[in-house]
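Dear colleague,

I am handing over a structure that you have not worked with before, and my notes on what was found in it follow below. Please read them with the structure open beside you.

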Amino acid sequence: MIPFVSDARPLAILTSGGDAPGMNAVIRAVAKVAASQGVPVVGVEDGYTGLLEGRLRPLTVPESDGSLGVDPEMDFLGSVGGTVLGSARELRFLTPEGRAPAVRTMASLRGLVVVGGNGSLAGAHALAAESETPVIGIPASIDHDVGCTGTSIGVDTALNTIVAACDAICDTARAHRRAFVVEVMGRDCGYLAMAAAVATGAEAVLFREQGRDEDEIVASLERAVRHAFAERHKRRVLILKAEGVTIPCTRLVRRVQQRLGEGFGVDVRATVLGHLVRGGRPSFQDRMVAGRLGLAAVAAVLQGESDQMVAWQAIVPGGTPTPDSAVTRFGLARVLEESRALVDGSSPITQRRVRMMETIEGVLGL
Ligand code: F6P
């Protein structure tokens with residue numbers, strides 16, 4: 001049960017950093033759960049920028065019987081991608097001086113729920129230290145680079161979008177016996193490329209964590225394309241490339257094409273999916289995770305907890321269990337430390353991912 005504590009100040013929610021499908025579903029969940037507890041909710045516009053500028057808008061409405069409701073539009077919101085509150089990457093938030101106006105806004109709030117990826121959670125951690133008001137984070141980033149959580153809101157939808165796009169590209173690739181390099185988002189983390197390569201049955205996958213230089217990458221792709229067409233008589237080759245591999249796709253396919261030579265008779269093409277991967281209607285899983293993390297976040301704020309993230313993670317040492325067996329709370333300092341390790345490659349999770357992909361390299365080629 002969420003304890004009822006009388007306090008007229010509203011709970012605030014903001015979405016920050018790169019948007020992720022499912023953010024609106026979290027906004028809906030937080031507004032409804034808090035309203036059901038008699039706690040008014042305001043949405044902060046444009047992430048930390050709106051918090052600095054005091055741009056708050058009500059998400060709950062007083063009913064004639066004295067209870068609180070939410071705008072009926074809220075029901076529809078959960079099925080829409082992007083974020084209705086807007087988002088931003090706010091550079092002023094990087095320093096205590098820059099954050100000072102936000103700390104002042106915080107005094108008028110009962111609590112703040114921050115929905116976003118690592119940059120946003122770092123901002124939440126800083127605010128929690130500088131303000132008396134409880135701050136709770138919810139992981140939302142398509143990249144799957146947030147520590148201490150089995151998933152982040154948006155990852156599942158992004159993967160579904162990538163798989164659908166690759167299926168469509170493969171239709172035309174098969175028609176012409178072509179090879180396609182498909183680049184997907186993931187600046188610091190190659191998870192989307194790795195997971196999509198498995199799901200689409202791609203012939204190869206490229207991600208920054210492999211640590212390969214350009215010549216090695218070109219040689220490995222040439223081998224994959226030759227093997228697939230000349231020895232396995234395939235009609236298409238699909239190569240997933242993470243954005244973190246910084247060689248531009250156009251240069252990559254030109255170099256592979258040159259090495260194959262004109263006589264090989266196969267076109268190598270490139271498609272960069274870019275921001276397409278970040279939009280679209282959230283999947284069932286992202287909406288469901290959003291709802292359950294939203295519930296846990298409101299409960300944490302109303303219990304006066306702060307400087308924590310609610311994670312989609314069964315209980316592990318160092319985490320605080322919640323009534324939902326799939327949701328555990330972790331201190332934001334630990335989350336940010338694990339996120340850094342995920343990105344710099346020192347995390348056992350990243351090392352296991354890389355080893356797994358090395359193990360299945362031969363399987364992908366079949
Ligand atoms: O949301 C994370 C991410 O999708 C990265 O993979 C990507 O590099 C980045 O956002 C790009 O975001 P923007 O173009 O909005 O700065």
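This is a predicted model: local features need pLDDT of at least 70, side-chain atom pairs count only at pLDDT 80 or more; totals for chains, interfaces and linings use all residues.

His-144 is placed in the loop that runs between strand 7 (135-139) and helix 6 (155-176), and its phi is near 60 degrees, which is a positive value in a residue other than glycine. As background, most residues other than glycine have a negative phi. Asp-46 also has a positive phi, near 55 degrees, and it too is a residue other than glycine. Asp-46 sits in the loop between strand 2 (41-44) and helix 2 (48-53), and with a relative accessibility of 27% it counts as partly exposed.

Turning to the overall layout, the protein chain is divided into domain 1 (11-154 + 282-344) and domain 2 (156-279). The centres of domain 1 and domain 2, taken over C-alpha atoms, are separated by 35 Å, and the contact takes 14 residues from domain 1 and 15 residues from domain 2.

The interior comes next, and the background here is that nonpolar side chains tend to be buried together in soluble globular proteins. In this model the largest nonpolar core has 70 residues, and the ones with the most contacts inside it are Ile-13, Ile-138, Ile-162 and Leu-240. At least three residues of this core come from each of domain 1 (11-154 + 282-344) and domain 2 (156-279). A second, separate core has 26 residues, including Ala-12, Leu-51, Met-106 and Val-146.

The largest pocket holds about 840 Å³ of space. Its lining is made up of 35 residues, of which Arg-89, Asn-118, Gly-119, Ser-120 and Arg-187 lie nearest its centre. The elements that give two or more residues to this lining are helix 5 (118-130) and helix 11 (332-344), and helix 5 supplies the largest share, with 5 residues. Sorted by class, the lining has 12 nonpolar, 12 polar and 11 charged residues.

Gly-66 is found in the loop between strand 4 (60-62) and strand 5 (68-70), and at 67% relative accessibility it counts as exposed. The C-alpha atom of Gly-66 is separated by 25 Å from that of Gly-291, which is 225 residues apart from it along the chain. Glu-216 belongs to helix 8 (residues 214-231), and its relative accessibility of 43% makes it count as partly exposed. Between the C-alpha atoms of Glu-216 and Gly-280, which are 64 residues apart along the chain, the separation is 35 Å.

With kind regards

Key
Residues are numbered from 1 along each chain as its sequence is written. Side-chain values use heavy atoms; hydrogens and water are left out. A nonpolar core is a set of buried Ala, Val, Leu, Ile, Met, Phe, Trp, Tyr and Cys residues joined through side-chain atoms within 4.5 Å. Buried means under 20% relative accessible area, exposed over 50%, partly exposed in between (1.4 Å probe, protein chains only). Domain bounds come from an automatic or database domain assignment. On a 1 Å grid over the protein atoms alone, a cavity is a set of points where a 1.4 Å probe fits but cannot get out, and a pocket is an open set with protein on both sides within 12 Å along at least five of seven lines; lining residues have an atom within 4 Å of a point. Grid points are joined across faces, edges and corners, and a volume is the space filled by probe spheres set on the points. Helices (H or I, at least four residues) and strands (E, at least two) are DSSP runs, numbered from the N terminus. Ala, Val, Leu, Ile, Met, Phe, Trp, Tyr, Cys and Pro count as nonpolar, Asp, Glu, Lys and Arg as charged, and the others, Gly among them, as polar. Contact means heavy atoms within 4.5 Å.
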